[in-house]
Amino acid sequence: AMINGMVHRLAAELEAQPDNPQGWGRLIRAYTVLGDQAARDAAVARAQALFKERPDAMRAVQAAAEGRQ
């Protein structure tokens, strides 16, 4: 329950302040670890939409999602 709460808080923070590639990566990784494929896919799609014009930011999302921050 505590971990889910932390993940929900991170998701809410990113909705309020979405320009955080590392945060999106952490959220994607958290959903992956939790086994929530639908939420993971939604977070990936949102990050891709946000950073479609910023390949450097998408690389940061990917690195964070893979634990390579």
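**View 1. Surroundings of Tyr31.** Leaving out residues up to four places away in sequence, Tyr31 touches Val7, Ala11, Asp36, Ala39, Arg40 and Ala43, where contact means heavy atoms within 4.5 Å. The model is predicted, so that local features need pLDDT of at least 70 and side-chain atom pairs count only at pLDDT 80 or more, whereas totals for chains, interfaces and linings use all residues. Residues are numbered from 1 along each chain as its sequence is written, and side-chain values use heavy atoms, with hydrogens and water left out.

**View 2. The largest nonpolar core.** This core has 17 residues, of which Trp24, Leu27, Ile28, Tyr31, Ala43, Phe51 and Val61 touch the most other members. At least two residues of the core come from each of helix H1 (2-16), helix H2 (21-34), helix H3 (37-50) and helix H4 (55-65), and H2 gives the most, with 5 residues. A nonpolar core is here a set of buried Ala, Val, Leu, Ile, Met, Phe, Trp, Tyr and Cys residues joined through side-chain atoms within 4.5 Å; buried means under 20% relative accessible area, exposed over 50%, and partly exposed in between (1.4 Å probe, protein chains only). Helices are DSSP runs (H or I, at least four residues) numbered from the N terminus.

**View 3. Helix H2 and what covers it.** Pro21, Gly23, Trp24, Gly25, Leu27, Ile28, Ala30 and Tyr31 of H2 are buried, and the cover over the buried residues of this helix includes H1, H3 and H4. The end C-alpha atoms of H2 are 20 Å apart, which agrees with the 20 Å that its 14 residues should span at 1.5 Å a residue, the expected span being 1.5 Å times one less than the number of residues. Just after H2, Gly35 takes a positive phi of about 80 degrees.

**View 4. Helix H1 against helix H2.** The axes of H1 and H2 come within 10 Å and cross at roughly 150 degrees, with axes taken as lines fitted to C-alpha atoms over the stretch in contact, and angles running from 0 to 180 degrees between N-to-C directions. The contact is made by Ile3, Asn4, Val7, Leu10, Ala11, Leu14 and Glu15 of H1, together with Gly23, Trp24, Arg26, Leu27, Ala30, Tyr31 and Leu34 of H2. By class, this contact of H1 with H2 has 10 nonpolar, 2 polar and 2 charged residues, where Ala, Val, Leu, Ile, Met, Phe, Trp, Tyr, Cys and Pro count as nonpolar, Asp, Glu, Lys and Arg as charged, and the others, Gly among them, as polar.

**View 5. Helix H2 against helix H4, with Ala65.** The axes of H2 and H4 come within 7 Å and cross at roughly 35 degrees. On the H2 side the contact is made by Pro21, Gln22, Trp24, Gly25, Arg26, Ile28 and Arg29, and on the H4 side by Ala57, Ala60, Val61, Ala64 and Ala65; by class, it has 8 nonpolar, 2 polar and 2 charged residues. Ala65 has its place in helix H4 and is buried, with a relative accessible area of 18%. Neighbours within four places in sequence aside, Ala65 is in contact with Gly25, Ile28 and Arg29.

**View 6. Gln48 and Gln17.** Gln48 lies in helix H3 and counts as partly exposed at 43% relative accessibility. Gln17, in the loop between H1 and H2, counts as exposed at 62% relative accessibility.
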